[in-house]
Amino acid sequence: MKKLLMSIALATATAGAVGACASRPETIAEQRNLIQSANATVAAMTQRDPGLASLLRSVAGYVVFPEIGSGGFVVGGASGMGVLYQNGQAVGTVRITQASFGALAGGQTFSQLVTFRDPYDVARLKAGQFKLGANVSAIAIKSGAAATALTGRTAVFILPRGGLMIDVSVAGQQLKFEPFSG
């Protein structure tokens, strides 16, 4: 029991530290930096899978998270800050958070791209009514990955950055949109 409580305390501290890294950009310069990071992430993903470029032109919108931190032991969390693109234009920030419990251990960072084929899903995201469910799975970005995403309304692509963790789940990820200011 003592080991479990220590594990939960460590995971809670890890999740809190992960969440602290994902603050909303307050200034125009911080917004530009986040957009530049998001654009660089898309470029890196497109380099691994050139078919991704045509997919991004065909969807109603997409969110790019340049870096998501995830960590924990049995109980964990993940968070990051990204950019929502609609009609190829950056329109606001999206915070991603996730709490998890189960067979997980370690910590990692990764980039994530979420595509929305249907304008209804973009509208739901903007209204605060969208979360990634168990029916959405992550696709590791590599050549041909975009072609596998053509069947669903929402697709999630992952680009590992660093660390080692046993769990890479997107189910239960909460997304919160805020339009750019200024």
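Let's start at R32, which sits in helix α2; helices (H or I, at least four residues) and strands (E, at least two) are DSSP runs, numbered from the N terminus. R32 counts as exposed because its relative accessibility is 54%. Here buried means under 20% relative accessible area, exposed over 50%, and partly exposed in between, with a 1.4 Å probe and protein chains only. Between the C-alpha atoms of R32 and A90 there are 10.0 Å, although the two residues are 58 apart along the chain.

Before going further, a word on what you are looking at. This is a predicted model, in which local features need pLDDT of at least 70 and side-chain atom pairs count only at pLDDT 80 or more, while totals for chains, interfaces and linings use all residues. Residues are numbered from 1 along each chain as its sequence is written, and side-chain values use heavy atoms, with hydrogens and water left out.

How far can you trust each part? The pLDDT, which is the predictor's confidence in each residue from 0 to 100, averages 76 over the protein, and 65% of the residues reach 70 or more. Where pLDDT is low, the predicted coordinates should not be read in detail.

Now for the overall layout. The protein has 5 helices and 5 strands, and from the N terminus on they run α-α-α-β-β-α-β-α-β-β. Of the contacts between residues at least 6 apart in sequence, 75% join residues at least 24 apart. Buried residues make up 43% of the 182 residues.

Moving inside, we come to the nonpolar cores, each a set of buried Ala, Val, Leu, Ile, Met, Phe, Trp, Tyr and Cys residues joined through side-chain atoms within 4.5 Å. The largest has 21 residues, and L52, Y62, V64, L113, I141 and F157 have the most contacts inside it. At least two residues of this core come from each of α2, α3 (52-58), β1 (61-86), α5 (145-148) and β4 (154-165), and β1 gives the most, with 5 residues. Leaving aside residues up to four places away in sequence, Y62 touches V42, L56, V83, L84, Y85, L113, V114, T115 and F116. A second, separate core has 19 residues, including I68, L84, F116 and F177.

Key:
Contact means heavy atoms within 4.5 Å.
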